Amino acid sequence: MKTASERILSAKSGRDARAGDVVVCEPDLVLGTDASAPMAIDYFERMGGERVRNPSRVLFALDHYAPPSTAKTAAFHDRVRRFAAHTGIELCEVGAGISHQIAVERRLARPGDLVIGADSHTVTIGAIGAFATGVGSSDIAAAMFTGKVWLRVPQTIQVTVTGERPPHVAAKDVALTLVAELGPEGANYHALEFHGEALGALSLDERLVIANLAVEAGAKAAIFPDESVDAGAGARHTRRMEIDLTRARPVVALPHAPDNVVPLERAAGTPIQMVFLGTCTGGRASDFRTALEVLERGGGRIAPGVQLVVTPASREVQLELLADGTLAKLTAMGAVITTPGCGACCGTSGMIPGDGMNVLSTANRNFKARMGNATASIYLASPEACAAAALSGRIPDPADL
Amino acid sequence: MTTIQFTGRARRLGDDVNTDYIISSTRKRDTLDERELARYLLETVDPAFAASVRPGDILVAGRNFGCGSAMEVAATVILAAGIRAVVAASFARTFYRNAINNGLVPVECDTSEVRDGDCLVIRIGEEDAAVTNERTGHLTSALPLPTFVREILEAGGLVPFLRRGGW
């Protein structure tokens, strides 16, 4: 029996694709960003490309430099706009949101689809049952030039999810724990496939968080297969592992690696000067509602000396939060609301922490200098823990949640 | 197919060198010109690194080289610094494919004995690959490259490969 990856890549390559084979596939969706599309356009032109083979399958999102903070990044945007207009590619403007979030919201990818994106967090889309993987700019160029991409068919790690989550344990906690268990390259060249009775209790938003963080263990794809591609336990998996949600606990990733995970109580009390709510991990409406609830329950007063930065993952999220009053309440508390997109996550736009600052963030990466300042220390946790830190100015103890 | 061969001075790095460390996203905001960006190669790891690189040097890393973001400039900035090959105990997959697609040779083998400054000879044949350390005299066998991947590398990357009508 084939794994979900083998099934999808067989269908997209027209070959009997098995783990280890290198195949040339036709992707259903090709995503580029303002951080990767300018280079892709260069490669495309150097390939001799004029006409994009499949413009209706390509989407560019201006998400990393949203809004542009320099004339140079504004020039990247103009280049992408001109190319998109010229070739008939749809462009998602500044403020529309993060490429893989838009793809999910607009249902541009379906279960069984092959999605490539020049953004490592493209894996997020695996939550809906697609094979979605991050590639480079040259791959996007090749896909525009030929309609194709080369891929090595990955081995698969089957992850069985069982049990019931205790209160105050978020999908983020489950995902960080999984990354720590696998290690920073534990899933390198592999796809993760999620199965098990407990999946039914995970919302789409929660699946997106787990698929998103899988790349921090090196995963090529993280698939929650639907019945069309799910071979279940019969498929030939390289490895099996189990997540027992009953044992899951609130955790935090310490600087400077997302797999540097410890129980939340081990870091409790660490002073925090910036709290960042947002990104393709923690920037969905449900995340901000959870955070708001914690903030309101705690009196709604942000601790002196703490900056609270709020960045919806997309305009759709922003509209939802405007409609239900969440953003108004957060603004009244003193939060800084920034343009939908990647925001402060990778130091390309938005708030940059000051020297020596400690940041508690709902994002997925905490590498040194990630947010644009090498002297800052970034801690990663759930929206609930981040909101609690905004109230107290410290990493909370699980008992305080 | 021909044999790919390089000789160069080893520049030693550790495990889990991510693409943000290879070239910071903040630098990439200012320019995409690799020659300009090459001045900041690996600055988060060692601010003096870029100035000390000589053309022909070989990057030598531990496990999971190039993890994190898929940004391709992490591969092209290494080439722009005059480095043609990276030897690592393992590569993150996005970096690996970006290297191949740009003609930067990724060599996967045990690097635990390599010290900064060692002279290495890399040889990649059709069926086998190996790295010889001239200081120790040791020959370490490396993972051979799949034919499909070698074809792209030998063409000099995805651009020349597709220009010649590949796929």
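A residue counts as partly exposed when its relative accessible area falls between the limits for buried, under 20%, and exposed, over 50%. By that definition Asp16(B), with a relative accessible area of 31%, is partly exposed. The model described here is predicted.

**Backbone geometry in chain B**

- Asp16(B) is not a glycine, yet its phi is positive, at about 50 degrees.
- The position of Asp16(B) is in the loop that runs between β1 (4-12) and α1 (19-22) of chain B.
- Asn64(B), likewise a residue other than glycine, has a positive phi near 60 degrees.
- Asn64(B) belongs to the loop between β2 (58-61) and α5 (73-80) of chain B.
- Because its relative accessible area is 1%, Asn64(B) is buried, whereas Asp16(B) is partly exposed.

**Cis peptide bonds in chain A**

- The peptide bond joining Ala66(A) and Pro67(A) is cis, with omega about 0 degrees.
- Pro67(A) sits in the loop between β3 (58-61) and α3 (71-87) of chain A.
- Pro67(A) has a relative accessible area of 40% and is therefore partly exposed.
- When residues up to four places away in sequence are not counted, Pro67(A) touches Val94(A), Thr339(A) and Ser349(A).
- From Pro67(A) to His77(A) the separation is 10 residues in sequence and 9.9 Å in space, taken C-alpha to C-alpha.
- A cis peptide bond also runs from Pro255(A) to His256(A), where omega is near 0 degrees.
- His256(A) is located in the loop between β12 (251-253) and β13 (261-263) of chain A.

**Helix α7 of chain A**

- Helix α7 (residues 204-213) of chain A is mostly covered, with eight of its 10 residues buried.
- The buried residues of α7(A) are Glu206(A), Arg207(A), Leu208(A), Val209(A), Ile210(A), Ala211(A), Asn212(A) and Leu213(A).
- The elements of chain A that cover these buried residues include α4 (99-105), α6 (171-182), β9 (190-195), β10 (221-223) and α9 (279-282).
- Ala211(A), a residue of helix α7 of chain A, counts as buried because its relative accessibility is 0%.
- Apart from neighbours within four places in sequence, Ala211(A) is in contact with Val123(A), Thr124(A), Ala127(A), Ala222(A) and Phe224(A).
- Ala211(A) and Cys346(A) are 135 residues apart along the chain, and their C-alpha atoms are separated by 19 Å.

**Nonpolar cores**

- The largest nonpolar core contains 106 residues.
- Those with the most contacts inside this core are Phe60(A) and Met144(A) from chain A, together with Ile22(B), Leu41(B), Phe65(B), Ile78(B) and Phe95(B) from chain B.
- Leaving aside neighbours within four places in sequence, the contacts of Phe60(A) are Gly32(A), Ala37(A), Val80(A), Phe83(A), Ala84(A), Ile89(A), Glu90(A), Leu91(A), Cys92(A), Ile140(A) and Met144(A).
- A second, separate core has 59 residues, among them Val169(A), Val174(A), Leu178(A) and Ile210(A).
- Ile210(A) in this second core is also one of the buried residues of α7(A).

**Largest pocket**

- The volume of the largest pocket is about 370 Å³.
- Its lining consists of 16 residues, and those nearest the centre of the pocket are Val104(A), Glu105(A), Leu204(A), Asp205(A) and Leu208(A).
- Two or more lining residues come from each of α4, α7 and α11 (315-323) of chain A.
- By class, the lining of the largest pocket has eight nonpolar residues, one polar residue and seven charged residues.
- Leu208(A) is among the lining residues nearest the pocket centre and is listed with the buried residues of α7(A).

- Gln158(A) forms part of strand β8 (residues 155-162) of chain A.
- With a relative accessibility of 5%, Gln158(A) counts as buried because the limit is under 20%.
- The side chains of Gln158(A) and Arg240(A) are joined by a polar contact of 2.4 Å.

Note on methods:
Residues are numbered from 1 along each chain as its sequence is written. Chains are lettered from A and ligands numbered from 1 in the order in which they are written. This is a predicted model: local features need pLDDT of at least 70, side-chain atom pairs count only at pLDDT 80 or more; totals for chains, interfaces and linings use all residues. Side-chain values use heavy atoms; hydrogens and water are left out. Buried means under 20% relative accessible area, exposed over 50%, partly exposed in between (1.4 Å probe, protein chains only). Helices (H or I, at least four residues) and strands (E, at least two) are DSSP runs, numbered from the N terminus. Contact means heavy atoms within 4.5 Å. A polar contact is a pair of N or O atoms within 3.5 Å; within protein, one must be able to donate a hydrogen and the other to accept it, and residues adjacent in sequence count only if both atoms are side-chain atoms. On a 1 Å grid over the protein atoms alone, a cavity is a set of points where a 1.4 Å probe fits but cannot get out, and a pocket is an open set with protein on both sides within 12 Å along at least five of seven lines; lining residues have an atom within 4 Å of a point. Grid points are joined across faces, edges and corners, and a volume is the space filled by probe spheres set on the points. Ala, Val, Leu, Ile, Met, Phe, Trp, Tyr, Cys and Pro count as nonpolar, Asp, Glu, Lys and Arg as charged, and the others, Gly among them, as polar. A nonpolar core is a set of buried Ala, Val, Leu, Ile, Met, Phe, Trp, Tyr and Cys residues joined through side-chain atoms within 4.5 Å.
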